[in-house]
Amino acid sequence: MTDQFHFYEPRKGHGLPHDPFKAIIAPRPIGWVSSQSEQGRLNLAPYSFFNAFCAAPPIIGFASSGWKDSVANIEATGEFCWHLATRALAEKMNTSSASVGSEVDEFALAGLTPAASNVVKVPRVLEAPVSFECRLTQLIQLESANGETLDNWLVLGEVVGVHIDQHLLTDGIYQTAAAEPIMRAGGPATYYTIHDSVRFEMERPDNSGQ
């Protein structure tokens with residue numbers, strides 16, 4: 001009888017054709033981040049380790065493997081913008097992920113329009129239906145369980161401005177599926193989107209009487 005579970009210790013290798021870690025933590029929203037150097041050079045790059053961490057004040061964060069231009073720019077200026085990556089923008093988002101020199105403007109590379117933000121100095125992607133203007137709150141170098149410092153950096157920022165395309169609001173309620181957000185999943189090149197047909201409702205238990 002074979003074991004029901006495949007078990008492995010990550011430090012010893014997973015023993016599978018493709019590392020399942022990123023596929024298990026899925027789907028993962030994309031941190032499509034614009035930043036600007038102190039000299040005014042624009043940068044736009046997607047990060048697949050991204051999420052929201054606090055509601056009040058709203059705080060989002062992304063992790064970078066290596067000290068990339070986005071991290072350097074955000075450390076220097078204290079600002080960045082996040083953009084919702086959608087199915088309609090998927091190919092342009094992917095183009096902005098190219099490994100190019102810091103002198104290359106990924107807005108121009110991907111054929112996207114930099115638009116002035118309302119609160120921060122960093123431009124946002126005009127074509128994105130949702131974007132957040134953010135100010136840096138913490139920049140943390142990650143460590144392993146044994147205290148080894150890693151070449152991985154967690155960038156956390158408070159959302160100080162929100163842009164939402166009006167077509168995504170119905171009676172003032174944001175329509176998540178209507179935006180067709182894309183998310184990273186298993187495999188080296190796999191993405192998913194969501195559709196309203198798979199939605200279900202489930203209220204939290206009421207334990208107020210206990």
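## Cysteines

The structure, which is a predicted model, holds 0 disulfides. A disulfide is a covalent bond between the sulfur atoms of two cysteines, and the criterion applied here is a pair of cysteine sulfur atoms within 2.5 Å. The sulfur of Cys54 has its closest cysteine sulfur in Cys134, and because the separation is 13 Å, the two are too far apart for a bond. Cys134, for its part, is in no disulfide, the nearest cysteine sulfur being that of Cys81, 6.7 Å away.

Cys54 counts as partly exposed, with a relative accessibility of 34%, whereas Cys134 is buried, its relative accessible area being 0%.

## Annotated domain

An unreviewed UniProt entry places the feature "domain: Flavin reductase like" at residues 23-176.

## The seven-stranded sheet

An open sheet of 7 strands is arranged in the order β3-β2-β6-β9-β10-β5-β4, and its pairing is antiparallel. The edges are taken by β3 and by β4 (50-55), each of which has a single partner strand, so one side of each is left without a neighbour in the sheet. Direction ignored, neighbouring strands of this sheet are turned by 35 degrees against each other on average. Helix α2 packs on the sheet, where it touches β2 (31-36), β3, β5, β6, β9 and β10, and the direction of α2 makes about 55 degrees with that of β2.

Within the sheet, β9 and β10 pair in the antiparallel sense over 12 bridges. The bridge partner of Leu139 in β10 is Val155, and that of Ile140 is Leu154. These two strands form a hairpin with 5 residues between them, and Gly147, in the turn, has a positive phi of about 85 degrees. Strand β10 is also joined to β5, with which it runs antiparallel, by 7 bridges; here Ile60 stands opposite Gly157 in β10.

In soluble globular proteins, nonpolar side chains tend to be buried together. The largest nonpolar core of this model has 19 residues, and those with the most contacts inside it are Ile60, Phe62, Phe80, Trp82 and Phe132. At least two residues of this core are supplied by each of β3 (42-47), β5 (58-65), α2 (69-77), β6 (79-83), β9 (130-143) and β10 (149-164). Apart from it lies another core, of 14 residues, among them Ile30, Leu42, Leu44 and Ala85.

When its neighbours within four places in sequence are left aside, Trp82 is in contact with Ile30, Gly31, Trp32, Phe50, Ile60, Val130, Ser131 and Phe132. Of these partners, Ile60 and Phe132 are, like Trp82, among the residues with the most contacts inside the largest core, while Ile30 is one of the residues of the other core.

## The three-stranded sheet

A further open sheet is formed by 3 strands in the order β1-β13-β14, again with antiparallel pairing. Its edges are β1 (28-29) and β14 (191-193), and since each has a single partner strand, one side of each is left without a neighbour in the sheet. Strand β1 pairs in the antiparallel sense with β13 (residues 182-184) over 2 bridges, and Arg28 stands opposite Arg184 in β13.

Note on methods
Residues are numbered from 1 along each chain as its sequence is written. This is a predicted model: local features need pLDDT of at least 70, side-chain atom pairs count only at pLDDT 80 or more; totals for chains, interfaces and linings use all residues. Side-chain values use heavy atoms; hydrogens and water are left out. UniProt positions are given in the numbering used here, feature names are shortened, and annotations may be inferred rather than shown by experiment. Buried means under 20% relative accessible area, exposed over 50%, partly exposed in between (1.4 Å probe, protein chains only). Two strands pair if DSSP finds at least two bridges between them. Helices (H or I, at least four residues) and strands (E, at least two) are DSSP runs, numbered from the N terminus. A nonpolar core is a set of buried Ala, Val, Leu, Ile, Met, Phe, Trp, Tyr and Cys residues joined through side-chain atoms within 4.5 Å. Contact means heavy atoms within 4.5 Å. Axes are lines fitted to C-alpha atoms, for helices over the stretch in contact, and angles run from 0 to 180 degrees between N-to-C directions.
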